[in-house]
Each structure stands twice: as C-alpha cells, then as structure tokens.
Amino acid sequence: MKGDFLMLMMTGASLLVVPLAVVLGTGEGLGMDRPLPPSSPSAVVGEMEKETVTEESSSSRQLSAAETSDGTAASAVLGDLPAYQSEVTAFYILDESTGEVLEVPVEDYVRGAIAAEMPVDYHIEALKAQGTAALSYALWHHLQQQEAPDPALKGADFSADPSRRLGYMTQQQVWDFYGDRADYAWDKISEAAQEAARTVILWEGEPIAAAYHAISAGMTEGAENIWDGPLPYLQPVDSGWDVLAEDYKSTAVLAPGEIRQQAEAQGITLLPNDETWFEEEERSPSDYVTRIRLGDRTLTGNQLRQLLGLRSASFTIGRQGKNFIFYVRGYGHGAGLSQNGADYMARQGADYQEILRHYYTDVTLARLE
C-alpha cells in the first residue's frame, strides 16, 4: 500500500477518468477539486506500512497454493454468490516508467496487485479483500475506457508503475523484492488470488471504483469529501480498530521557509506574519480536514496533505518553536477499504467477503465468469 492518488471528473452519475496518481501521497497538484479515484488502480490505495516479511501465523493460512491450484476450494466458497459475466480475460496496463502497454491475464494482475498494495504478512483474508478490491477497480477502469478512451493511456485500461510497486508488480519483481522469502510470499499471494480473482464488487450490477487506503483516522471518509461528488458505496463506516495500528499517529515538522516554498510554487500568496497562514474552515464527521485556508487560497485537506507531504488529511496544526508541527492520524485518503482495518478484522475471524461488505456500503459480491 502507499497512500492516495488521482481523481476523476464527475458528471451526474458518470465518472470520467482524469490523468494520474493522487491517492497515494505522491502528488496530485492543487487544481484538483475534481471527483473520484485515479486513473491507476494504485491511485486508490494506501501507503505500504510494512515492508518486512514475517512468518505466517497458523491462523493466517488455510490451504496451500497446491491444494487450491485447481480452483476447487475457491469454487466452493463462491458458489452461493450471483454470477457476473465479463468478457475481460486480461487487462492492458500502461507502465508509467517505460511507456510500454502490458497485456496481463486477470489472475496474474490480481496477484501482482496484491503484491504491490498490501504487506504479505497481513492475514490471508485481508489479502483476498485487497485482491478483490483491486480487481473490481480494474474492471471499473476497463468499462470507463470502453466508454470514453483516454488517449494518454495509449489504449490501456489504466496505468501502474511496477518498478515502484505502485498498482501492480510482475512475478519477477515480487521475487526480486522478497529475495530468499519469495517462495513463501508468492505462495501466499497466489493462494489469496484463487478467490480474489473470481470475486467482484458490484453496485447496481456494475463493478465499483473500489477505493482503498492504508489506515483510516478511526472512521473512513465519504467520497464527496475527497473527490468532489458522492458515491453511494463509499460512505463513512466505523474502523475504530485502526487506532491500534503501529503507524496510526505521525508528526511532520516543517519550517516556515519550507511551507512558503511549496505554497508559492503553487501561486499561493503568504503574508510575512506566519501566524496568519493557516485557518481551518471545515472538518468532516470522520475527522478529516475538508477545507483549510493557506494564505490567500482555500484548499481541501487532501490538497494540503499532498502539498506538504502529510500522511493523511486528518491532522491538527501546532507550533514547535518557529516551526509548524502537524499531528496526523491515519495514512491515506481514508475512503473505502482500510487495509490495516481489513487485517484486524481478518484476525478477529472475519472472512474477506465480510470485510468487503463492511467497508463498501450496500454492495453486492458476485462470482466473476
């Protein structure tokens, strides 16, 4: 996971894809009071909090990859779900680093998305939830491109950056990253993909833009407070267990000169007296800043977050000597699936379908055929 990414323009009930990443925490620019998820699946993500691989607990493994390789176990689990017919057998992914368009079979994509977006030491049910969210989001993008192709994608369904572990990784990149523990990592990822690659999240019969993030502030955020318009399935839900996450709280100390440099680069005017620079104007019920004045400009909390490199838009501002100190809770934009929350729920006994139904409001889970 990595944080946040980009967005889309929304017209009525339809969403139009706009360029690149913002949900991650890499840079979305300031002119983005635009609506919804990014044009790369990783754009909906959350920051990877753990990059170490630990031994799996006995509760986090159920069947080996070999035991599920014929799909029998997955079919049994999915048998009660309604069917969703799709002609998609592979996704076309624009590699942001090379400019190459990759053709990736669906299950290979799901494996690569799980590997890129969630620590492999998370519970197997959390990995399944992540894989299903990534698949649903990819199908959503595919349908968007069928209706209104973005020339910048060069015919691809969406973009990703495998070399930076954003959105998707190849099997070789997984092996290079995990080194002598690659067998363990790939077996667990492949096991999760057995079900995730066959499950899709639907709203009114179509795949959803299944946003996800690393750690919520304790409650997830509504889409309208991040992107510009509401989505019925991205509503605030309780994720209070996120406060137990190791990286739930963070601080960022910034000198006035650093803030001035970033602000003026965006055309924001600041007065000489830095006590006048910030004024919080609005905060959502989920405790994310939604409107804040910086100098002569009013920004969303996520815009300020991107500008200053904060981990979340759930923050308060204080002073530490001459410097500003930002007290931050959570990691990522806060909408949809909390990856840390998914891991917690799984360790309390929830399966991936229960996790998905918790974080995405009033959705239908279906069997992909």
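Reply: A definition comes first: helices (H or I, at least four residues) and strands (E, at least two) are DSSP runs, numbered from the N terminus, and two strands pair if DSSP finds at least two bridges between them. This is a predicted model, in which local features need pLDDT of at least 70 and side-chain atom pairs count only at pLDDT 80 or more, while totals for chains, interfaces and linings use all residues. Residues are numbered from 1 along each chain as its sequence is written, and side-chain values use heavy atoms, with hydrogens and water left out.

Me: Which residue in the turn between β12 and β13 has a positive phi?

Reply: That residue is G295, with a phi of about 60 degrees, in a hairpin where two residues lie between β12 and β13. Strand β13 covers residues 297-299 and pairs with β12 in the antiparallel sense over three bridges. L294 has R297 in β13 as its bridge partner.

Me: And how many residues lie between β11 and β12?

Reply: Five residues lie between them in a hairpin, and D287 in that turn has a positive phi of about 75 degrees. Five bridges join the antiparallel strands β11 (residues 278-283) and β12 (residues 289-294). E282 has R291 in β12 as its bridge partner, and E280 stands opposite I292 in β12.

Me: What is the strand order of the sheet?

Reply: The order is β11-β12-β13, an open sheet of three strands with antiparallel pairing. β11 and β13 are at the edges with a single partner strand each, so one side of each has no neighbour in the sheet. On average, neighbouring strands are turned by 20 degrees against each other, direction ignored; axes are lines fitted to C-alpha atoms, for helices over the stretch in contact, and angles run from 0 to 180 degrees between N-to-C directions.

Me: Which helix lies across β11, β12 and β13?

Reply: Helix α8 (residues 301-308) does, running at about 60 degrees to β12. Contact means heavy atoms within 4.5 Å.

Me: Changing topic: is R111 buried or exposed?

Reply: R111 counts as buried because its relative accessibility is 16%; buried means under 20% relative accessible area, exposed over 50%, and partly exposed in between (1.4 Å probe, protein chains only). R111 is found in helix α3 (residues 106-117). Leaving aside residues up to four places away in sequence, R111 touches W186, I189, S190 and A193.

Me: What joins the side chains of R111 and S190?

Reply: A polar contact of 3.4 Å joins them. The term denotes a pair of N or O atoms within 3.5 Å; within protein, one must be able to donate a hydrogen and the other to accept it, and residues adjacent in sequence count only if both atoms are side-chain atoms.
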